[in-house]
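Please examine the arrangement of strands and helices in the structure shown below.

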Amino acid sequence: MSRIAVINPNLSTGFTKKVGEQARRIVGPTTQVLALNPTFGPDSIEGYYDEAFASVGLLSVIRELEAAPEQESDPIGGYVVACFDDTGVDAARCLTGAPVLGLCEAALHMAAAVSSRFAIVTPMPVSVRPLEHLVSKYGASSQCVVRAAGVRTLDFEGANAKAAYTALKKQAEICLADDYAEAIVLGCAGMTDIADRLTEELGVPVIDGVSAAVKMIEAMAFLGLRTSKVGAYAKPPLKAYHGMFADFAPQG
């Protein structure tokens with residue numbers, strides 16, 4: 001039995017429940033999924049400002065899990081950051097030896113394996129530039145475009161879900177026709193439950209970042225892979241942190 005933690009960095013418990021259900025649906029019988037979110041931070045992550053605050057909440061959850069007594073006998077085998085902005089992923093890799101993967105990085109790897117050109121469809125225009133930066137960071141700029149459906153992230157829950165789906169599908173169709181995309185990547189964790197339907201309706205691969213990241217982390221945990229502590233993801237140097245961040249100071 002191995003444990004993986006799927007952490008939604010924002011406070012939307014509906015999204016946390018949704019990604020947890022999806023993760024449990026696709027993992028093997030020997031994998032236990034912990035679906036969690038912080039106790040402080042923004043309701044959703046829409047752009048750079050939200051991301052900055054959400055990353056601290058994400059790190060607080062990982063710190064608690066790493067310090068839990070059960071880590072000695074049953075350690076977390078890997079962490080999925082269930083946000084397509086890959087919020088706090090690099091910082092999280094400095095905090096734990098277990099592999100950490102965000103939705104965007106995982107989805108781009110899978111999309112590149114099944115298509116030569118693809119499009120990320122994200123909810124809001126404010127997220128387009130941050131995702132373009134991630135696409136460049138992961139080396140996929142020549143293959144990938146980023147487009148916005150023009151809806152709020154939280155619209156994929158509750159009464160607005162139908163209209164949000166319609167807007168998303170329309171933008172995906174534009175990407176297929178105008179950008180010559182061969183596959184669609186869903187640019188939000190809250191879209192995890194519509195990938196199968198959209199695949200059937202569009203007739204092309206639709207990659208859900210939650211599923212992509214969960215399966216990749218499950219495989220990495222099975223293989224016993226660990227995050228390198230030589231270089232960028234080394235343990236943070238000891239120093240004091242002050243004020244509200246005093247408890248986040250690196251430990252010896």
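## The open sheet

In this predicted model, 4 strands form an open sheet in the order 2-1-3-4, and their pairing is parallel. Strands here are DSSP runs of E with at least two residues, helices are runs of H or I with at least four, and both are numbered from the N terminus. Two strands pair if DSSP finds at least two bridges between them. Strand 2 (31-36) and strand 4 (100-102) each have a single partner strand and stand at the edges, so one side of each is left without a neighbour in the sheet. On average, neighbouring strands of this sheet are turned by 20 degrees against each other, direction ignored.

Strand 1 (residues 2-7) runs parallel to strand 2 and is joined to it by 6 bridges. Within this pair, Ile 4 stands opposite Val 33 in strand 2.

The model is predicted, and local features need pLDDT of at least 70, side-chain atom pairs count only at pLDDT 80 or more, while totals for chains, interfaces and linings use all residues. Residues are numbered from 1 along each chain as its sequence is written, and side-chain values use heavy atoms, with hydrogens and water left out.

## Helices packed on the sheet

Helix 1 packs on the sheet and touches strand 1 and strand 2; its direction makes about 170 degrees with that of strand 2. Axes are lines fitted to C-alpha atoms, for helices over the stretch in contact, and angles run from 0 to 180 degrees between N-to-C directions. Helix 4 (residues 103-114) lies across strand 3 (76-81) and strand 4, running at about 75 degrees to strand 4.

Thr 16 belongs to helix 1 (residues 13-26). Thr 16 counts as buried because its relative accessibility is 6%; buried means under 20% relative accessible area, exposed over 50%, and partly exposed in between, with a 1.4 Å probe and protein chains only. Not counting residues up to four places away in sequence, Thr 16 touches Asn 8, Ala 35, Leu 36 and Asn 37, where contact means heavy atoms within 4.5 Å.

## An enclosed strand and a buried leucine

All 5 of the 5 residues of strand 5 (residues 118-122) are buried, so this strand is largely enclosed by the rest of the structure. In a regular strand the side chains alternate between the two faces of the sheet. Both faces of strand 5 are covered: Phe 118, Ile 120 and Thr 122 are buried on one side, and Ala 119 and Val 121 on the other. Strand 5 runs parallel to strand 6 (residues 144-148), and 5 bridges join the two. Thr 122 stands opposite Ala 148 in strand 6.

Leu 134 is placed in helix 5 (residues 128-137) and counts as buried at 11% relative accessibility. Leaving aside neighbours within four places in sequence, Leu 134 is in contact with Phe 84, Asp 85, Asp 86 and Cys 104. Leu 134 and Tyr 165 are 31 residues apart in sequence and 24 Å apart in space, C-alpha to C-alpha.
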